[in-house]
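Here are my notes on this model, point by point. Please read them with the structure open.

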Amino acid sequence: MSTHYTDTAPYPRADVSPPSGSLFPHKHLLGIWNMDPTSIKHLLDTAEKYVDQNRQSHKTSPICAGLTQINLFFENSTRTLMSFEIAGKRLGMDTISMSTGSSSIKKGETLLDTADTLNAMHPDALVVRHADSGAVQLLSEKMDCAVLNAGDGRSEHPTQALLDALTIRRRKGQIHGQTIVISGDIAHSRVARSNIYLLSAMGARVRLVAPPTLLPTDIERLGVEVYHRMDEGLEGADVVMMLRLQQERMQGAFLPSLREYYRFWGLTSEKLKYAKDDVLVMHPGPMNRGVEIASDIADDLDKSAIREQVEMGVAVRMACLDVLTSHLRQEKKA
Amino acid sequence: MTTAFINARLMDPASNMDTLGTLIAENEHITAVGPDITVPDGAEVIDCKKRILCPGLIDMRVHAVDVDAALAGGVTTVILQPDQTTIIDSDPVVERIRGRSKDSTAFSVYPMGAATQGLKGEQLAEIGQMQQSGAVAFTDCRKPVSDSQIMRRLMEYAGYFNALIVQFPQDKSLAGDGIAHEGEIASRLGLAAIPAAAEAMQIDRDVRLAELTNARIHFSMLSSRDGVEAIRAAKKRGAKVTCSTAPHYLHLNENAVEGYRTFAKVSPPLRAEEDRLALIDGLADGTIDTLVSDHDPQSADVKRLPFGQATPGVVGLETMLALAMSTVHSGKVDLMTLLRSLTETPAELLNLDTGRLEVGRYADLAIFDPEKPWVIDADKLSSSAKNTPFDTLPVQGQVWRTIVGGKTLFNRET
């Protein structure tokens with residue numbers, strides 16, 4: 001393999017500095033789909049510094065003091081919502097969170113009216129999760145501030161992909177050249193889509209392993225290798241990402257039973273033997289032990305990076321908020 | 001009152017006439033048509049300047065009566081779908097719509113009745129009574145009649161009245177809650193998808209039932225290559241089957257929903273490029289019999305929503321002819337074939353008294369310039385809503401005048 005290609009510059013075009021001169025020429029963080037390696041690397045590099053900060057006893061650096069962050073969650077979430085809240089607070093932002101139960105969307109208000117209302121309150125960052133694909137993009141069209149996608153339908157979950165990438169980069173040294181397996185319910189997963197875009201953009205070899213019912217049509221056109229058998233898919237893998245299997249997939253005949261799923265696609269020690277010895281096991285959580293992953297693997301600190309992923313999540317979200325509000329702070333200085 | 005349309009390129013698909021000449025309309029009817037007609041004294045003379053004069057277009061599928069949009073598009077007869085606020089599933093509703101249409105000298109509106117009560121697909125609707133009141137065909141509109149036994153009985157029963165059943169070709173359970181064409185785009189955007197096979201499967205089943213019951217069946221809104229091939233095979237076997245498609249399927253493919261553009265959300269969904277090309281071929285060789293607009297005005301309120309929640313549908317009456325003309329300009333479809341799909345064929349399928357340039361017929365006419373270039377501007381459409389995916393699209397071919405019962409109701413120059 002040519003030494004010209006490195007983790008940070010997987011393609012020649014990434015060697016050229018972006019025309020705008022900005023390392024992150026985006027107003028919002030809607031998805032990984034339209035991001036180039038330079039932008040991704042910039043976010044990861046920024047996050048790196050927050051990892052160190054988060055491990056100190058004094059964890060806040062109020063660079064965003066005075067800015068307002070609204071977390072608007074139309075779909076239930078605990079870990080992502082908390083992660084964003086902590087991230088904002090550690091940057092000194094005023095953080096407000098709102099979940100579906102308390103919002104007027106249940107009273108029949110349309111998404112764009114909600115956007116209008118929020119916009120009038122002049123937030124500086126809006127974090128949104130929504131059950132419909134494309135909903136966050138639609139909302140961003142009405143907002144003056146930066147909008148961060150915290151997961152929309154089956155479409156994208158960019159901060160999850162970024163925290164996964166940061167975890168891999170720290171454990172493996174680089175993303176480029178790694179063989180990374182994503183296994184589980186790909187069809188309904190926004191995490192899978194964001195990870196496919198990010199990891200392939202950074203030069204990893206991405207494999208998908210799932211039963212045919214859980215794979216979307218023509219997914220191989222995104223530049224991934226598709227497997228149905230775990231032993232074949234795991235052969236020589238550097239990283240294995242397991243996805244959460246939604247229990248309701250048993251309805252609608254996606255799968256016969258959880259027992260059978262575990263037998264063929266659950267990650268067990270026997271199946272993991274096909275991967276490299278130093279394989280890294282990841283899971284975006286929350287886990288179903290004994291469904292997609294065996295407990296002994298999840299708890300194996302040498303192999304499992306699951307807790308580390310959560311830690312990286314806060315750092316990555318701090319980096320995203322930092323980068324997306326940096327223009328506000330520059331204005332202040334001037 | 002007598003009107004003479006002189007210097008017109010008379011095109012009548014029914015008689016295969018394509019000649020420069022004159023058409024005389026006296027009161028509501030055509031009294032003379034052909035190349036060597038002398039203009040009677042006292043007639044109002046309209047110089048068509050060699051523009052095409054053809055029968056007024058018949059649109060077999062609209063979801064709202066949008067008269068201004070229809071006239072601006074050269075359409076003089078619309079067939080209203082039964083999925084109205086009050087579902088058209090009984091004779092009083094049919095009578096009310098027909099009555100309103102007869103009162104106004106403007107425009108012909110014929111309703112299609114529901115095939116099953118409440119469009120529920122369970123109990124047959126009162127086909128005989130609705131037919132007597134003026135319903136021209138029977139359909140459950142955007143819902144396919146899924147149950148094979150009910151469909152069989154529906155076709156047998158309708159056959160007795162020689163009533164046309166119009167089926168929406170989409171296998172309901174395979175389509176599920178899909179909203180986009182199953183393929184790369186839907187997979188990437190994370191949208192629930194419908195495979196093209198859902199269309200062909202429904203066609204195949206209903207063709208079998210049509211053969212079993214010796215009934216005729218019409219499939220509305222084909223969207224896929226598999227669908228076109230299924231119809232082609234059925235016609236070859238001699239089944240009494242006809243079908244339609246809409247201009248947006250001839251113009252757009254799945255790429256149009258990229259960026260979650262809800263103005264391109266239609267049912268059935270826009271499919272792959274190969275499907276689009278197969279539909280044009282189908283129109284060219286007569287596999288596809290008629291072209292419909294599927295005109296469905298929707299306000300921005302129900303369109304400016306996340307893709308999954310947005311209401312499907314586009315406005316199409318006004319742009320139908322111009323969009324369809326692109327298939328002629330690109331050399332794919334013969335002009336006479338295209339006009340036939342918009343005039344003679346729907347008139348024949350529905351037993352209407354229009355759709356021909358023939359002495360004694362109603363003078364429902366459209367005059368258009370096939371070459372005239374213009375740019376579609378959503379804000380300037382006459383439709384009651386502006387939900388078109390074709391905003392800013394340059395097209396070629398524009399309606400100049402629309403005449404209903406001998407009277408000019410639309411004139412671009414005024």
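1. The interface between the chains comes first. This is a predicted model. Chain A puts 21 residues into the contact, and chain B puts in 17 residues. The area buried between chain A and chain B is about 1600 Å². Carbon and sulfur atoms give 51% of that area. On the chain A side, look at Asp132(A), Ser133(A) and Thr217(A): they supply 26% of the area that chain A buries against chain B, more than any other three residues.

2. Next, a sheet in chain A. Four strands form an open sheet in the order β2-β1-β3-β4 (chain A), and the pairing is parallel. β2 (94-99) and β4 (146-152) of chain A stand at the edges. Each has a single partner strand, so one side of each is left without a neighbour in the sheet. Neighbouring strands of the sheet are turned by 15 degrees against each other on average, direction ignored.

3. Strand β1 (residues 68-73) of chain A runs parallel to strand β3 (residues 125-130) of chain A, and five bridges join the two.

4. Now a helix pair in chain A. Helix α5 (residues 158-172) and helix α6 (residues 190-201) of chain A have axes that come within 8 Å and cross at roughly 50 degrees. The α5(A) side of the contact includes Leu162(A), Ala165(A) and Ile168(A), while the α6(A) side includes Val191(A), Leu198(A) and Leu199(A). By class, this contact of α5(A) with α6(A) has eight nonpolar, three polar and one charged residues.

5. Chain B has a helix pair at another angle. The axes of helix α7 (residues 197-213) and helix α8 (residues 225-237) of chain B come within 8 Å and cross at roughly 20 degrees. α7(B) and α8(B) are therefore roughly parallel to each other. The crossing of α7(B) and α8(B) is right-handed. Among the residues that meet are Ile203(B), Asp204(B), Val207(B) and Arg208(B) in α7(B), with Asp226(B), Ile231(B) and Arg237(B) among those in α8(B). The contact of α7(B) with α8(B) has seven nonpolar, one polar and six charged residues.

6. What else does α8(B) meet? Arg225(B), Val228(B) and Arg232(B) in α8(B) meet residues of α10(B) that include Glu274(B), Asp275(B) and Asp281(B). By class, the contact of α8(B) with α10(B) has three nonpolar, one polar and five charged residues. The axes of α8(B) and helix α10 (residues 273-284) of chain B come within 8 Å and cross at roughly 30 degrees. The two helices, α8(B) and α10(B), are therefore roughly parallel.

7. Last, some backbone points to check. Most residues other than glycine have a negative phi, and most peptide bonds are trans. Gly285(A) and Pro286(A) are joined by a cis peptide bond, with omega about -10 degrees. Pro286(A) lies in the loop between β9 (280-282) and α10 (295-298) of chain A. In chain B, a cis peptide bond joins Ser267(B) and Pro268(B), with omega about -5 degrees. Pro268(B) lies in the loop between α9 (247-251) and α10 of chain B. Leu119(B) has a positive phi, near 55 degrees. Leu119(B) is found in the loop between β9 (113-114) and α3 (127-133) of chain B.

Terms used
Residues numbered from 1 in each chain as written. Chains lettered and ligands numbered in written order. Predicted model: local features only at pLDDT ≥ 70, side-chain atom pairs only at ≥ 80, totals over all residues. Heavy atoms only, no water. Pairing = 2+ DSSP bridges. Axes fitted to C-alpha atoms, helices over the stretch in contact; angles between N-to-C directions. Parallel < 35°, antiparallel > 145°, perpendicular 65-115°, else oblique. Left-handed = near helix turned anticlockwise from the far one by under 90°. Contact = heavy atoms within 4.5 Å. Nonpolar A, V, L, I, M, F, W, Y, C, P; charged D, E, K, R; others polar. Buried area = accessible area lost by both parts, 1.4 Å probe.
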